[in-house]
Structure formats: C-alpha cells, structure tokens
Amino acid sequence: MRVLIVGAGIGGLSAALSLHAAGVATGIQVIDSVSELRPLGVGINLLPHATRELIELGLGPELERIAVPTAEVVVMDRFGNRIWSEARGMGAGYNWPQYSVHRGELQAMLLAAVRDRLGPDSVRTSTALAEVRQEGDKVLSRLVGRAGDDLGIFESDLVIGADGLNSTVRAQLHPDEGAPRWSGIKMWRGCTEGDAFLTGRSMMWAGSNRAAKFVVYPISAPRGEGGRVLINWVAEVRVDSDAAQVPDWDRAGDLAEALPHYQGWTMGGVDVCELMASSPKVLEYPMVDRDPLPFWGRGRITLLGDAAHPMYPIGSNGGSQAILDARHLAQLLAAHADDPAAGLAAYEALRLPATAAVVAANRTFPMDRILNLVADRAPEGFGAVEDVLSAAEITAIDEAFRSTTGFDADALNARASLSVR
C-alpha cells in the first residue's frame, strides 16, 4: 500500500513508524504545512500504555535519554497542603514507566527515527492538503504549498488525517461541524530551568479549576553544574467570558493577566509566581475539545490523534492516545492486508468508542471535583486532610484517576503486544 499521512506531529510520525514496522506499506509519505519542523512547545506526559508502544518500536533508549520517569503525582490545595499522592509508572506496578518530556524533543526524536527508517524524503514540509477524494480503490489528494501554490495530485491507497485539532481531513469528512468546544478555562504554559523539587520526579497539582489551578513537573534530568532541571508548568484560570475562542498553540501569553491569580502560592518549595515570571516564553490558549464524531472516516480515509479525538489536556492522555491509535491502526491494517478499507473500519470500531470515553472522562475529571470540594470546605487551608475529606472520599480519588487513563496496570501488563512482526 501507498499511504499519505497528513500531519507530522506525534500521532502522524508514530503512525509512519508503526506502519513501517508492521510492513503493511511500501510507500509512506508524511506531509506538514510548516516550513520547518522545529522542537517547539512545552511539556507532555506519556502514560505507560504509550511508552510501551514506543519502546516496542525500538525507541526506548532515546526516550529514556530525553525524558523523566515520573515517580508520583502529588495533589495539594493552593496553600501547598497535601491532599493525596499516588505512585506512577513502574512504581505503581506497570511494566513500563510514565514519562514527562518536552513535546518538541519527543517530536524531534520521532522525526529522526522516521527519516532514518523510511528515508530522508519520507517527510515533506511546506506541503498542505487542500482537498481529498476517493476514486475507486485510490485516494487523490490535492496538495498545495505555504503560499497556496499548486503542488499537484498525490495518489495513494490510504489517507490518514493526523493534522490536529483544526484538521483539514476532518473538515472534509464533517464540513458542518463548527468550532471547537470551549471549557471556559484559559491556560498559560511555559518552561523554565529551576531547582528539582520533592523527589525530583514528582508532578504537583494545586488549586481548583473553578477558580485557578496549577500543575508543575520536571521534563529533564538535572543538568549543568547546579543540577537544575527544565520545569514545565500549566496555569488554568476560569474566566467569565462568552467570547469565541480561537485555538492558537503558538500565541504569546500575557503573564500580567495570569499572575494575580497565583499571588502567595507555594507548593513543594516552588514559588509559583517566581517560576512563571522566570520563563523565557509563555504561551496562552483556551482549553478546548470537540464532541466525539459519529464516524472517523469513509472507505480509505481515516483520522488519528487530535484530528480524531481532541481532548482537554488534563488527564495526561492526549499524546498517549494518539500513539495507541497509530499502533492499533498498523496492527489492524496488517490483519486486513487484502482489504485496507476493512482494516480502517476495524480500527475505527475499536478506537472511536475507547477515545470517546476518555474525552468524556476529561470533561468531568473526577479529581477536579475533589479539589473543588476541598476548596469549599477549607478555603483558608487545613492541617490534616482527614479533617476535610472522609475516608471514603479519599479512597474514591484513586478510582477517579484510573477512570481517565483507560488502563490499569494488570490489564496493560497482561495484554499481548501490538507488534506485528
């Protein structure tokens, strides 16, 4: 098969590697509209079900080099009082770690692997999809350059839309869908160097998404003489506005708007305002997603990753689900080698309901309900969490976390490999 993958993000590059590893395609072309694929962005978490897939693709050593194995999640109130904590990754019984990593470095790692394994011309930049249509058992894609110049028709057996939240492929399949769905929360994100905190591999959450919430975690090992680490942070503030929100992942953020919500916040020895102010670049964007689709594709066209199921970035699961999409797609195409359309149909039947459940879980993130409850009962802080939450409520936190990941350790450890050969 000859396959066109639209989008060279985490999902698209993982799909290229997975299809190549499965041996189901003789020609794989990845295109992206950007002029240069550079290591941009901020931090991302890869849950064990995703790191397993990257390790089985032979990327374990590189991933270990660039990422931090997350050891725990610590949940606090806005005063830094500990509400709850949970081991993560191998410390929680998984056979594979949970990793925190710079999104740009992860993408660069995947890109280098694709070009090494599939050839230097397997990824084309400054190339966008303008229109896609099926004719018989072929898919014809009209490609254009950054200036709108015609780059001709690309003929393939399959087209995979991995082109993100504002997917052109999705818009062709669902032209009346409309704008993304906004949660009412504005996010500021940044990365900066700082001293390691808690275990050095801890993720901390504090506050309440009804007002202001803060998430922080390291995304590099200690480096330099001072042993400082690269720290990723996310500030979430609910705003009173019905104005339409246009997602732009590279919009510069105004810290003057965000900092007043975090005055006096300290968590795990981290001064929140100082951390934010020390970041060389701050990004700002609305927390958005889309409603699950009734279908992802038709015939020989399908969707993958954020193009298929954009979700709120609060369950550490968006990138992980894109990687799972890629691996299941390759496995099911290999299982239906004589009928690619049947392979895509099987992929959609498996992955659409699974990812729709994660989208729904992130919208009603159970941990946020606990944080809101603590903020209501102890607005000025607390001494012992048992004074604020009952034993049953504390036990429910663990179940709440598991409900948003899609896998528990025993199930993942027992599951057969998705590798085809």
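Contact, as I use the word today, means heavy atoms within 4.5 Å. The structure is a predicted model, in which local features need pLDDT of at least 70 and side-chain atom pairs count only at pLDDT 80 or more, while totals for chains, interfaces and linings use all residues. Residues are numbered from 1 along each chain as its sequence is written, and side-chain values use heavy atoms, with hydrogens and water left out.

Let me begin with T70. This residue sits in the loop between β4 (68-69) and β5 (72-76); strands here are DSSP runs of E with at least two residues, helices are runs of H or I with at least four, and both are numbered from the N terminus. Setting aside neighbours within four places in sequence, T70 is in contact with N45, R88, G89, Q98, Y99, S100, R201 and M203. With one of these, S100, the side chain of T70 makes a polar contact of 2.6 Å. By polar contact I mean a pair of N or O atoms within 3.5 Å; within protein, one must be able to donate a hydrogen and the other to accept it, and residues adjacent in sequence count only if both atoms are side-chain atoms.

Is T70 buried or exposed? It counts as buried, because its relative accessibility is 5%. The cut-offs are under 20% relative accessible area for buried and over 50% for exposed, with partly exposed in between, using a 1.4 Å probe and protein chains only.

S202 is buried, with a relative accessible area of 0%. Its side chain is joined to that of E72 by a polar contact of 2.6 Å, and a polar contact of 2.6 Å also links the side chains of S202 and T199. Beyond four places in sequence, the residues in contact with S202 are E72, F197, V216, Y217 and P218.

Now the charged pairs. Side chains of opposite charge can pair when their charged atoms come close. How many salt bridges does a search of the whole structure find? The search finds 22, a salt bridge being a side-chain nitrogen of Lys or Arg within 4 Å of a carboxyl oxygen of Asp or Glu.

One of them joins R88 and E86, whose closest N and O atoms are 2.9 Å apart. R88 is buried at 10% relative accessible area, and E86 is buried at 14%.

Another pairs D157 with K138, at 2.7 Å between the closest N and O atoms. D157 lies in the loop between β11 (150-156) and β12 (158-161) and K138 in strand β10 (residues 138-144), so this pair ties together parts that are 19 residues apart in sequence. D157 is buried, at 14% relative accessible area, whereas K138 is partly exposed, at 27%.

E177 and R170 also form a salt bridge, with the closest N and O atoms 2.6 Å apart. Salt bridges that share partners join R52, E53, E56, R327 and R415 into one network.

Finally, the nonpolar cores, each a set of buried Ala, Val, Leu, Ile, Met, Phe, Trp, Tyr and Cys residues joined through side-chain atoms within 4.5 Å. The largest has 63 residues, and I5, L19, L46, L54, L106 and L110 have the most contacts inside it. Helix α1 (residues 10-22) supplies the largest share of this core, 7 residues. A second, separate core of 30 residues includes W84, V234, M287 and F365.
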